[in-house]
Amino acid sequence: YVSTLTLHQVQLDQTGTYMATAFNEDDTEEVLFYLQVTAPPRILSLSEVDKNAILCVIEGVPTPSVTWYTCPSSISCSNLSHGWRSQLGASGQNVTTATEEGVTLVRSVLTLKALSSVSAVRCEATNSAGGRAQDLRVLTNCEYYCSTAALQLTCVS
């Protein structure tokens, strides 16, 4: 006999070792198996942490990888255009730590020569379960801060 176990709406905290037992009047069989739950990256925060540094905090399973992009002009970097420039060779630092539930937390910092030289910064996180991106628009000479779920605006003097 072949049996199939289908799990719906599993949560990350349900990752672990399980035992399945099959029995009848003649015999009992047990099998141990490990359930690994995966989740696409989730960007927890994207913020300016210094005059020239942006911090992106992401969680996911398996460990998300981070790619940074910058845009020199807000006109050239609408979501449908190709004005974003990859910062693969830029000065960036990634620190990765695992939480108790097996979810990996990634803190990535992008350091630029001058934050005022860009119009926007994009943090893109991907893993085998999916991907997410969030933009940080840089505004100069303004006196307010505005934040929404999809977009954060930061003002730099």
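This is a predicted model: local features need pLDDT of at least 70, side-chain atom pairs count only at pLDDT 80 or more; totals for chains, interfaces and linings use all residues.
Good morning. With a relative accessible area of 58%, Leu5 is exposed.

I turn next to the covalent link. The count of disulfides comes to 1. Cys56 and Cys123 form this bond, with a sulfur-to-sulfur distance of 2.0 Å. The link is left-handed, at -85 degrees about the S-S bond. Cys56 belongs to strand 4 (residues 53–61) and Cys123 to strand 9 (residues 120–127), so the pair ties together parts 67 residues apart in sequence. Both cysteines, Cys56 and Cys123, are buried.

Now to the charged side chains. How many salt bridges are there? The count comes to 3. In one of them, Glu59 pairs with Arg42, the closest N and O atoms being 2.6 Å apart. Here Glu59 is in strand 4 and Arg42 in strand 3 (residues 39–50), so parts 17 residues apart in sequence are tied together. Glu59 is partly exposed, at a relative accessible area of 21%.

A further salt bridge joins Asp135 to Arg122, at 2.6 Å from N to O. This pair links distant parts of the chain, with Asp135 in strand 10 (residues 130–140) and Arg122 in strand 9, 13 residues apart. Asp135 counts as buried at 7% relative accessibility, and Arg122 is buried at 15%.

Asp135 also meets Arg137 in a salt bridge, at 3.9 Å from N to O. Arg137 counts as buried, at 18% relative accessibility. Through shared partners, salt bridges join Arg122, Asp135 and Arg137 into one network. Thank you.

Technical notes. Residues are numbered from 1 along each chain as its sequence is written. Side-chain values use heavy atoms; hydrogens and water are left out. Buried means under 20% relative accessible area, exposed over 50%, partly exposed in between (1.4 Å probe, protein chains only). A disulfide is a pair of cysteine sulfur atoms within 2.5 Å. Helices (H or I, at least four residues) and strands (E, at least two) are DSSP runs, numbered from the N terminus. A salt bridge is a side-chain nitrogen of Lys or Arg within 4 Å of a carboxyl oxygen of Asp or Glu.
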